[in-house]
Amino acid sequence: MAQQPQATSASAAALVKSGRYDAAVSEAKRGLLIHPKDPGLWTIEGIAYAMQGEDEKALTALRTASRISPDFVRALQAEAQILSRQHDPELAVVLKRILRLDPNDSTAREMLALEQARRGDCKSADINFRQLSGQFDTHAESLERYGACLFTEGDYAKSTAIFQQFQILRPASAEARYNLALAQMRAGQKKEAAETLKPLLSSPDVDTALLASDVFEDLDDTPQAVSFMRRAIVLDPMRPDSYMRFAELCMLHDSYQTGIDMVSAGIARLPHDSGLYLTRGLLYGAIAQYDKAEADFRHAEQLDPTHGTGAYGVGLVQDQSDHPGEALATTRAALRDHPQDAQLNFLLARILIEGGVAPGSPEFAEAVRAAETAVRLKPNFLPPHDLLAKIDDMRGETTGVIEQSREALRIDPSDQAAMYRLMRAARKTGDTATAQALLKQVADQHEHARAEESQRLHYKIVESVGPEPQPPPQH
């Protein structure tokens with residue numbers, strides 16, 4: 001009597017379990033001569049091949065099992081293991097088939113979440129991780145990927161909780177500690193972030209030093225923030241973003257010359273980095289050294305003509321230095337090369353409107369088109385919304401003023417220009433409740449701004465910054 005396929009499968013499976021893979025393949029093949037349509041035998045053969053590292057033979061056997069019986073989960077599970085090892089893009093398809101057959105297969109769901117996270121589909125990964133509900137608390141890669149996805153999606157509080165679990169599993173990992181501190185800072189847990197970073201601060205790498213600087217600045221410890229920013233520059237003086245972030249810190253505290261000196265040291269090392277020239281141009285503009293600012297912006301444009309940022313800076317500084325005609329010519333010329341640049345479109349509109357063009361004139365229509373283009377290209381760019389509200393105010397279009405002001409306040413709830421315009425528009429339409437609420441909000445903002453100004457000017461970076469790092473010797 002011929003042996004039943006179940007008995008042959010059990011015999012072959014026992015051989016796999018004992019590590020006798022060649023014998024398992026032979027046993028499965030003997031059974032398939034008698035029962036060629038048995039998915040269990042094809043699956044055992046596939047698993048045995050996979051254990052020997054012969055993935056292509058394994059996949060052939062497993063896919064044969066699936067063709068015979070599309071709902072044979074064991075074959076799909078074995079195929080998924082092989083595809084996962086190969087990082088094959090078909091893995092997600094197979095895992096979804098498994099989950100359609102068995103939604104409670106937590107292994108398949110975790111594998112799918114990981115695959116989605118690896119491929120940047122965080123929205124889908126988050127859904128699957130959430131359904132696992134703590135079933136992967138001891139799985140380091142899942143925790144790390146889930147935490148990273150939550151961070152990417154802006155859920156910093158939940159990301160912090162996941163990264164804390166990951167850090168417990170990897171207590172010696174500097175990367176785990178860094179990720180946790182970054183999530184804590186973004187979640188507003190400033191003191192906790194400083195505490196998390198503490199073991200790394202005796203010998204930080206560049207990224208840790210930069211993060212520490214941000215954390216200490218948030219804690220109003222500007223001397224420490226400056227110290228770690230400078231350490232980042234010393235650790236890697238060829239990294240331009242460190243100089244630019246130092247400059248941001250200087251601008252925050254009105255220490256413009258200190259920022260100029262540091263960015264100049266960066267330019268000495270990195271003379272072809274357009275971002276450094278743009279940054280120094282902003283610093284020069286802040287202290288009304290317009291000729292130097294314009295020279296830096298022009299140099300940035302020469303170094304990187306693919307973006308209109310340098311030209312935007314030139315036009316802006318010309319406008320600020322009371323040369324509106326030159327600013328208008330510069331901006332129009334730049335827009336011919338960069339018509340899809342939101343900042344340049346906004347700048348053109350602003351120069352025209354502030355130049356006193358009258359509603360109904362061709363120049364006024366040009367300003368409106370440019371401002372609307374800026375909003376279309378960059379919907380969350382605040383200044384063109386404020387400008388369009390001003391334009392609608394000039395045209396007497398109260399509905400437009402309200403719409404643009406509300407959009408500006410959505411982007412920045414503290415935008416006082418938008419508050420004032422919305423308050424006036426509300427009064428015009430008889431909405432006294434909105435007008436009164438906005439009046440109180442404006443008063444509160446003024447009080448908050450005064451407090452912030454007092455804190456901001458409390459510390460000048462120039463007081464603690466020593467000699468600038470010198471450029472490396474030329475060989």
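This is a predicted model: local features need pLDDT of at least 70, side-chain atom pairs count only at pLDDT 80 or more; totals for chains, interfaces and linings use all residues.
Residues are numbered from 1 along each chain as its sequence is written, and side-chain values use heavy atoms, without hydrogens and water.

**Exercise 1. Describe how helix α12 and helix α13 cross, and state which residues meet.**

Step 1. Helices are DSSP runs of H or I, at least four residues, numbered from the N terminus. Helix α12 covers residues 190–197 and helix α13 residues 206–218.

Step 2. The two axes come within 9 Å and cross at roughly 145°. Axes are lines fitted to C-alpha atoms over the stretch in contact, and angles run from 0 to 180 degrees between N-to-C directions.

Step 3. The crossing of α12 past α13 is left-handed, a term for a near helix turned anticlockwise from the far one by less than a right angle.

Step 4. With contact taken as heavy atoms within 4.5 Å, K190, A193, A194 and L197 of α12 meet T208, L211, A212, V215 and D218 of α13. These residues divide into 6 nonpolar, 1 polar and 2 charged; Ala, Val, Leu, Ile, Met, Phe, Trp, Tyr, Cys and Pro count as nonpolar, Asp, Glu, Lys and Arg as charged, and the others, Gly among them, as polar.

**Exercise 2. Characterise the largest nonpolar core and the contacts of L197.**

Step 1. A nonpolar core is a set of buried Ala, Val, Leu, Ile, Met, Phe, Trp, Tyr and Cys residues joined through side-chain atoms within 4.5 Å. Buried means under 20% relative accessible area (1.4 Å probe, protein chains only).

Step 2. The largest core has 42 residues, and L197, L211, V215 and F246 have the most contacts inside it. Helix α13 supplies the largest share of this core, 7 residues.

Step 3. Leaving out residues up to four places away in sequence, L197 touches A181, T208, L211, A212 and V215. Another core, of 29 residues, lies apart from the largest one and includes A78, L83, V94 and I98.

**Exercise 3. Identify the disulfide and determine whether its cysteines are buried or exposed.**

Step 1. A disulfide is a pair of cysteine sulfur atoms within 2.5 Å; the count comes to 1.

Step 2. C122 is joined to C149, S to S 2.2 Å. The link is left-handed, with -80° about the S-S bond.

Step 3. The pair links distant parts of the chain, 27 residues apart: C122 lies in helix α8 (residues 122–132) and C149 in helix α9 (residues 140–152).

Step 4. C122 counts as buried because its relative accessibility is 9%. C149 is likewise buried, at 2%.

Note on methods: Helices (H or I, at least four residues) and strands (E, at least two) are DSSP runs, numbered from the N terminus. Buried means under 20% relative accessible area, exposed over 50%, partly exposed in between (1.4 Å probe, protein chains only).
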